[in-house]
Amino acid sequence: MSNEPPPPPPGQPPEDDPFSKRPPQGPPQGPPPSGGSPYGSGPPPPPYDPGPYGGGGPYGGTDPLAGMPPLAEPGKRILARLIDFLIISIPLYLISLPFGGAVDVTSDDGGNDFGNAIGNSYNGHQLIWSLIGCVVYVAYDTYFTHKDGRTPGKRLLKMRVAMLNDGSVPDTSSALMRAVVLWLPALLCCPCLWWLINIVLMFTDKPYRQGLQDKAGKTVVVAVR
């Protein structure tokens, strides 16, 4: 019999996740410790404007990262996404082979094979496979994100998706919105540009390293133990 604890109920962070939910809503109450500041020995957190997420105000709000575990490293996020992509793409492509393949990779046109394959993926029956792929990718990401915030790729690399406002597992609507924004533009119209934008945002967005899908779902990706 397995000794593993049961999975957390939907909407609750996993037990091994140190996400301590919402940052404190202002300075601690009561008299300051002897010798000075109500924040202890260090200076008070800098003010910030939390925008649409709550958790403070423009007049003496707290550090937006207070109470969070470390944000997931962008390199690990990219690798986790690649793992998830392969988990879906390889079986989907193999299933499509008896029906002509999801893309045409039989062209003899030298170095233009890849470009022709992408172009041909939207001709005839291959358009149907593109739409099937969209449904499968979105359903995969929505299911695992809503289940416990971790797709197989994220679980392998010890990270998860959390709601930015309180650290909970995303509900169905947030998980679905996140998956739609992540996959549909990449699969239907502009894959290279879409992935490039998201990769750049993971490295440069402040303070939460949110990709476009995170901004749409109001989520953040954090490291777990």
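Mentor: Helices (H or I, at least four residues) and strands (E, at least two) are DSSP runs, numbered from the N terminus. Pro-207 lies in the loop between two such helices, H6 and H7 (212-217).

Trainee: What kind of model is this?

Mentor: The model is predicted, so local features need pLDDT of at least 70 and side-chain atom pairs pLDDT 80 or more, while totals for chains, interfaces and linings use all residues. Residues are numbered from 1 along each chain as its sequence is written, and side-chain values use heavy atoms, leaving out hydrogens and water.

Trainee: Why is Arg-209 called partly exposed?

Mentor: Buried means under 20% relative accessible area, exposed over 50%, and partly exposed in between (1.4 Å probe, protein chains only). Arg-209 has 29%, so it is partly exposed. Lys-158, at 49%, is therefore partly exposed too. Lys-158 is in the loop between helix H4 (152-156) and strand S1 (159-163), and its phi is positive, about 60 degrees.

Trainee: Why does Asn-198 count as buried?

Mentor: Its relative accessibility is 3%, so Asn-198 is buried. Asn-198 belongs to helix H6 (residues 191-204).

Trainee: What makes the pair Trp-194 and Asn-198 a polar contact?

Mentor: A polar atom of the Asn-198 side chain lies 3.1 Å from the backbone oxygen of Trp-194. The limit is a pair of N or O atoms within 3.5 Å; within protein, one must be able to donate a hydrogen and the other to accept it, and residues adjacent in sequence count only if both atoms are side-chain atoms.

Trainee: Why is Ala-72 called buried, and which residues does it touch?

Mentor: Ala-72 has a relative accessible area of 4%, so it is buried. Ala-72 lies in the segment before H1. Apart from neighbours within four places in sequence, its contacts (heavy atoms within 4.5 Å) include Arg-77, Met-159 and Arg-209. The C-alpha atoms of Ala-72 and Val-224 are separated by 8.5 Å, though these residues are 152 apart along the chain.

Trainee: How do you know that the span of H1 agrees with its number of residues?

Mentor: The expected span is 1.5 Å times one less than the number of residues. H1 (residues 74-96) has 23 residues and should span 33 Å; its end C-alpha atoms are 32 Å apart, so the two agree.
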